Amino acid sequence: MQQPRPYNCVTQSLDAFLAQLVRYVASGHYFYVTGHVPGRKSPEEVDRKLILLYGLGKPKWERARRRLGEQAGIHYLRHGKFFVLIATHGRHQFFEDHQKNICDIRRTALKVRGYSIRYTFSDQDQRWKVFVRLDKPTYQSVRAHLLDLARRPSYRDTARLIAEVESLPFQGYAPVRGQVLAIIKAMNRVRRHAGVGPLPMDIVPRMRPVRRVFVTADEEQQAA
């Protein structure tokens with residue numbers, strides 16, 4: 001069987017996975033399925049199988065020719081054992097293979113590691129945008145945890161509580177910052193009732209730079 005051209009699909013980190021996924025969605029890849037590599041299988045083996053099956057290691061000019069022929073564009077992306085196949089409008093074997101499980105990210109958010117990613121219309125900006133926020137269970141858990149700390153006498157010290165907020169491991173997308181800001185406001189209501197000063201409002205997560213998205217083939221082989 002002919003081997004495909006090198007195809008980058010394994011991300012350096014969760015931040016890199018999210019950044020690349022946002023790029024795919026923003027470029028019109030709306031239809032997706034997600035999965036996990038089974039425990040006994042090699043992730044690299046799954047990568048090779050899917051890359052060959054869907055012809056992903058193709059030159060740019062051949063992918064452009066397929067799009068002109070109304071064939072869908074498709075990408076495969078993996079971080080750890082979690083992966084996503086995501087496609088544009090058009091014809092493709094992908095739609096036949098996964099017709100019962102395909103989701104539209106404009107209607108059904110893609111969830112990964114506590115994040116919820118959706119493509120929707122922004123009333124503020126008057127255009128369609130990719131929104132990355134904490135999913136509901138994660139948001140509720142973080143909120144409950146931080147409010148519990150805010151009620152403890154041992155956390156009346158502002159610096160200690162600030163450190164807890166600043167240690168949140170989430171990437172600082174605008175919706176995530178808005179969610180954390182809402183939690184800080186709730187924490188400050190608790191602190192006000194306790195007669196202590198408020199937390200500053202500028203301690204929400206900031207965007208961490210993603211310097212490299214993909215793991216190189218050599219790095220992947222060394223890890224294996």
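Contact here means heavy atoms within 4.5 Å, and helices are DSSP runs of H or I with at least four residues, numbered from the N terminus. This is a predicted model, in which local features need pLDDT of at least 70 and side-chain atom pairs count only at pLDDT 80 or more, while totals for chains, interfaces and linings use all residues. Residues are numbered from 1 along each chain as its sequence is written, and side-chain values use heavy atoms, with hydrogens and water left out.

In helix 5, Tyr 139, Val 142, Arg 143, Leu 146, Leu 147, Ala 150 and Arg 151 meet Gln 179, Ala 182, Ile 183, Ala 186, Met 187, Arg 189 and Val 190 of helix 7. Helix 5 (residues 136-151) packs against helix 7 (residues 174-193) at an angle of about 25°, their axes lying 9 Å apart; the two helices are therefore roughly parallel to each other, a term for angles under 35 degrees.

Helix 7 also holds Asn 188, which counts as buried because its relative accessibility is 9%, the limit for buried being under 20%, with exposed over 50% and partly exposed in between (1.4 Å probe, protein chains only). Beyond its neighbours within four places in sequence, Asn 188 is in contact with Pro 198, Leu 199 and Met 201.

Ser 13, in the segment before helix 1 (14-26), counts as partly exposed at 28% relative accessibility. The C-alpha atoms of Ser 13 and Arg 212 are 9.0 Å apart, although 199 residues separate them along the chain.

| Side chain | Backbone nitrogen | Distance |
|---|---|---|
| Asn 188 | Leu 199 | 2.6 Å |
| Ser 13 | Ala 16 | 3.1 Å |

Methods: Axes are lines fitted to C-alpha atoms, for helices over the stretch in contact, and angles run from 0 to 180 degrees between N-to-C directions. Angles under 35 degrees count as roughly parallel, over 145 as roughly antiparallel, 65 to 115 as roughly perpendicular and the rest as oblique. A polar contact is a pair of N or O atoms within 3.5 Å; within protein, one must be able to donate a hydrogen and the other to accept it, and residues adjacent in sequence count only if both atoms are side-chain atoms.
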